[in-house]
Amino acid sequence: PEGYNNLGSFYLEKQMYKEAEGQFVKAVSLRPHYGKALWNLGRLKLAQGKKEDAYNAFKSSCTRADFDNEIGFTFYAN
């Protein structure tokens, strides 16, 4: 899952949103509690202007998954 998440982050930086989403979804399908991939999926949705989807991904990264740290909760709160 880490490789898919890393590749998705690269695509996100290049604004290749469709490709990035595919990588994040694959990472989460392999490890459903992979908080960093869910957090990156939230970043992707935020970049696409899909605020409600971003909120849900940030919430899941902190509460359902293992990204319960300062960064995760900051994005979730904002």
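Start by selecting E21, which is partly exposed because its relative accessibility is 27%; here buried means under 20% relative accessible area, exposed over 50%, and partly exposed in between, with a 1.4 Å probe and protein chains only. Before moving on, a word on what you are looking at: this is a predicted model, in which local features need pLDDT of at least 70, side-chain atom pairs count only at pLDDT 80 or more, and totals for chains, interfaces and linings use all residues. Residues are numbered from 1 along each chain as its sequence is written, and side-chain values use heavy atoms, with hydrogens and water left out.

**The salt bridges**

The side chains of K45 and E21 meet in a salt bridge, 3.0 Å from N to O. The pair joins distant parts of the chain, with K45 in helix α3 and E21 in helix α2, 24 residues apart. (Helices, H or I of at least four residues, and strands, E of at least two, are DSSP runs numbered from the N terminus.) Is K45 buried or exposed? K45 is buried, with a relative accessible area of 10%.

How many salt bridges are there by the rule used here? The count comes to three, where a salt bridge is a side-chain nitrogen of Lys or Arg within 4 Å of a carboxyl oxygen of Asp or Glu.

For another of them, select E13 and R43, whose closest N and O atoms are 3.6 Å apart. This pair also links distant parts of the chain: E13 belongs to helix α1 and R43 to helix α3, 30 residues apart. E13 is exposed at 59% relative accessibility, while R43 is partly exposed at 23%.

Next, pick R31 and E2, a salt bridge with its closest N and O atoms 2.9 Å apart. R31 lies in the loop between α2 (17-30) and α3 (35-47), and E2 in helix α1 (residues 2-13), 29 residues apart. Both ends are partly exposed, R31 at 30% and E2 at 38%.

**Along α1**

Now colour N5, G8, S9, Y11 and L12, the buried residues of α1. Look down the axis of α1: these buried residues fall within an arc of 165 degrees, so they line one face of the helix. The arc is that of the directions from the helix axis to the C-beta atoms. What do the buried residues of α1 pack against? They pack against α2 and α3, contact meaning heavy atoms within 4.5 Å. On the other side of α1, G3, N6 and E13 are exposed.

Y11 is buried at 18%, whereas F10 is partly exposed at 44%.

**Last stop**

Finally, select Q15, in the loop between α1 and α2. Just after α1, Q15 takes a positive phi of about 60 degrees. Most residues other than glycine have a negative phi. Q15 is exposed, at 58% relative accessibility.
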